[in-house]
Amino acid sequence: MNAITIVIGSICILMIAYRLYGTFITARVLKLNESTPTPAHALNDGKDYVPTNKWVTFGHHFAAIAAAGPLVGPILAAQFGYLPGLLWLLIGAVIGGAVHDAVVLFASMRKNGKSLSEVAKDELGPVAGFCTGLAMLFIITITMAGLSMVVIHALENNPWGTFAVGITIPIAMGVGLFYKKTGNLKLASTIGFVLLMIGVFIGPSIQDTALGDWLTFDAKTLALILPGYAFFASALPVWLLLAPRDYLSSFMKIGVFIALIIGVFIINPGIQFPAFTQFVGGGGPVIAGPVWPFISITIACGAISGFHAFVGSGTTPKMINRWSDIKVVGFGAMLVECVVGIMALIAATALQPGDYFAINSNPAVFEKLGMSVSQLPQLSQEIGLSLEGRTGGAVTLAVGMTYIFTKIPWFSHLAPYFFQFVIMFEAVFILTAIDAGTRTARYLIQDFFGEVYKPLKQVDWVPGTIFASALACVMWGYLLYSGDISSVWALFGVSNQLMASIGLIVGATVILHIADKRWYMLTCLIPLAYLFVTVNYAGYWMVKNVYLNSSATGYNVLNGVLSIIMLVLGVIILVTAIKKWISVLNSPQGKLKPISA
C-alpha cells in the first residue's frame with residue numbers, strides 16, 4: 001500500500017459526502033434559512049457575541065476542534081495497523097462527526113448560543129439538563145488535561161519549541177488589534193504568518209543562551225504554566241487572542257497539510273505498517289485494549305468527538321454571521337479535520353515500526369518488543385533532542401512529517417526546522433483548544449452555579465468571569481499535574497465519546513421536533529447506537545482492567561470513579577431521552593409544538 005492511493009481515495013469520499021450528505025442535512029433535515037437573525041446579530045455585545053466573517057469563524061471553529069485529537073489519536077491508533085484507523089476516520093466523520101457538529105451548532109444557535117446543557121434542559125427536562133451539565137463539566141476538565149499532556153511532552157526541555165509557541169501569543173494579539181482597527185483581514189493575516197515563520201527560524205539562536213535556559217522547562221513546571229496561561233486567555237475578549245490566533249493557526253495548519261499532501265505525491269512514501277498488527281487483540285505498548293472498542297475511543301477528533309459539542313455550543317454559535325454558514329463551519333470543518341487525521345495516520349505508518357514504537361513506548365517496554373530502530377538515532381542527533389520515549393503522539397507526527405519533507409532534495413538539510421515547526425503548530429492548535437475549552441468551561445460553570453447564585457449567569461460580570469475561569473483551570477490543572485499520557489488520554493477518550501453520544505441524543509430530539517419527516521432523526525440515532533455501546537464497553541473495560549486493578553500500570557481510583565460517574569450520567573440522559581421520544585412519537589405529527597427560537 002502506498003500513501004497516494006489513500007489520500008486520493010479519502011479526499012474523493014469526503015468531497016462527495018460534503019456535496020451530497022452535507023446539503024441534505026442542512027437543507028432538508030435542519031431547514032436552514034435566513035428569516036431570523038443569528039445570535040451573533042441579535043445579542044451582539046462586542047465581546048462574546050460578535051458577527052464574524054464566515055472564513056474567520058471557520059478558522060476559529062476548525063482550530064478549536066482540530067487540536068491534538070486528529071493529530072494524536074490516529075498516531076496512537078497506528079499500533080493496530082493502518083486499516084482500522086483509516087476505516088474509522090472515514091466512516092466516523094461522514095456518518096457521525098459531521099452530522100453531530102452541524103446539529104449541535106444548530107441546536108445551540110436556536111437557543112441563542114446556549115450551552116448544550118441548557119439546550120438539553122429545554123428539550124429533555126431538568127433532570128437531563130442537570131446530568132448533561134454535570135457530565136460536560138467532568139468531561140471538559142478531563143479533555144483539557146488530555147490535550148495539555150500532549151503539549152507538555154512536546155515542549156519538555158525544548159527551549160526552541162517553547163519560544164516558537166510562546167511568541168504566537170503577542171503576535172496573535174497584535175493581529176487582533178490591527179484587524180479590529182483597520183478591517184484589513186488579508187494584510188493582518190499576511191503579517192501574522194510572516195511573524196510566525198520568523199519565530200520558528202530564530203529559535204535556534206536562543207538555544208544555549210540565558211533566554212534559552214529560562215525557557216527550558218520540565219514537565220511539572222509546564223503543567224503549572226499551561227493552566228495559568230489558560231486563565232488569562234479565557235477571560236480576554238474573543239477578538240483579542242482567541243479568534244485571530246485560531247484564524248492564523250487554522251490556515252497555517254491547512255497549509256501545512258496541503259504541503260504534506262504535495263510531499264506525499266512527490267515522494268509517494270510506502271506504508272511500512274501492515275493493515276493489521278499483532279496488537280489488534282490487545283496487549284500493545286501504546287494502547288492496552290483491543291482494536292474494538294478502542295479504535296473508536298483513541299481516534300475521536302477526526303472521526304466524531306464530543307469536544308466539538310463544547311465548541312459548537314460555546315464560542316462558535318456566538319460568532320456565526322448567517323445560518324447558512326453552518327454547512328461550512330459545522331459540517332465542512334469536520335471533514336477537513338478528517339483529512340488532517342488521515343495525513344497524521346500516513347505520517348505515522350510511513351515510519352519504520354521500530355522507530356514508531358521507540359518513540360511511543362517507555363524504553364524498558366520497547367526493549368521487550370524485540371524491535372530495532374532505523375533512522376531515529378540520526379534524526380535525534382540532527383535535532384539535538386533525544387526522541388526515544390517521548391510519548392503522546394506529537395513527536396511521532398513531527399518525526400513522520402520530517403521524514404517525508406526531507407526526502408525532497410531541496411529540504412534534505414532542514415530536518416531540525418521542519419521538526420520544530422511541526423511541534424510549534426501542533427502546540428499552537430492545542431493551546432487554541434485549551435483557550436476555547438477553558439472559555440467553554442467558564443460558561444458551563446457560570447450556567448451551573450448560576451442556578452445557586454444568579455449573577456454568575458451573567459457572562460459579562462467580571463467577578464463571575466474571574467471565579468469561573470480560575471475554577472476551571474484549577475480542576476483540569478490538577479489532573480494534568482498528577483497524571484500521565486497513558487492514564488489521561490484513555491480517560492479523555494472514553495469521556496469524549498460519551499459527550500458525543502450526549503450531543504447526538506440532544507440532536508436527535510431537536511430533529512424530531514423540527515423535521516418534516518420523523519425518520520430524519522435516524523441521521524443521529526444510527527451513529528448514536530454504535531457510539532453509545534462502544535463507549536460504555538470501553539469504559540467498563542478500563543475500569544475493570546486498568547483503573548480499579550491494583551496490579552495494572554494505570555491503576556488510578558480517581559480515574560475509575562470519574563469513569564463510573566460519567567457512564568451513569570450517560571445512561572440517565574439516554575433513558576430520559578427515550579421517554580421523551582416515545583411521548584413525541586405517540587403524539588399527532590401536526591400537533592407538535594416547535595421549539596422556541
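Mentor: A crossing is left-handed if the near helix is turned anticlockwise from the far one by less than a right angle, and right-handed if clockwise. Keep in mind that this is a predicted model, where local features need pLDDT of at least 70 and side-chain atom pairs count only at pLDDT 80 or more, while totals for chains, interfaces and linings use all residues. Residues are numbered from 1 along each chain as its sequence is written, and side-chain values use heavy atoms, leaving out hydrogens and water.

Trainee: Which way does H25 pass H26, left-handed or right-handed?

Mentor: That crossing is left-handed.

Trainee: And why are H25 and H26 called roughly antiparallel?

Mentor: The axes of H25 (residues 522-547) and H26 (residues 557-585) cross at roughly 155° and come within 10 Å. Angles over 145 degrees count as roughly antiparallel, so H25 and H26 qualify.

Trainee: What classes of residue make up the contact of H25 with H26?

Mentor: Contact means heavy atoms within 4.5 Å. Leu 525 and Phe 532 of H25 are among the residues involved, as are Ile 564 and Trp 581 of H26. By class there are 13 nonpolar, 6 polar and no charged residues; Gly counts as polar.

Trainee: What makes H18 and H21 roughly antiparallel?

Mentor: Helix H18 (residues 353-360) and helix H21 (residues 394-406) have axes crossing at roughly 150°, so they are roughly antiparallel too. Their crossing is right-handed, though.

Trainee: Which residues of H18 and H21 meet?

Mentor: Asp 355, Tyr 356, Ile 359 and Asn 360 in H18 meet Val 395, Thr 396, Val 399 and Tyr 403 in H21. They split into 5 nonpolar, 2 polar and 1 charged.

Conventions:
Axes fitted to C-alpha atoms, helices over the stretch in contact; angles between N-to-C directions. Helix = DSSP H or I, 4+ residues; strand = E, 2+ residues; numbered from the N terminus. Parallel < 35°, antiparallel > 145°, perpendicular 65-115°, else oblique.
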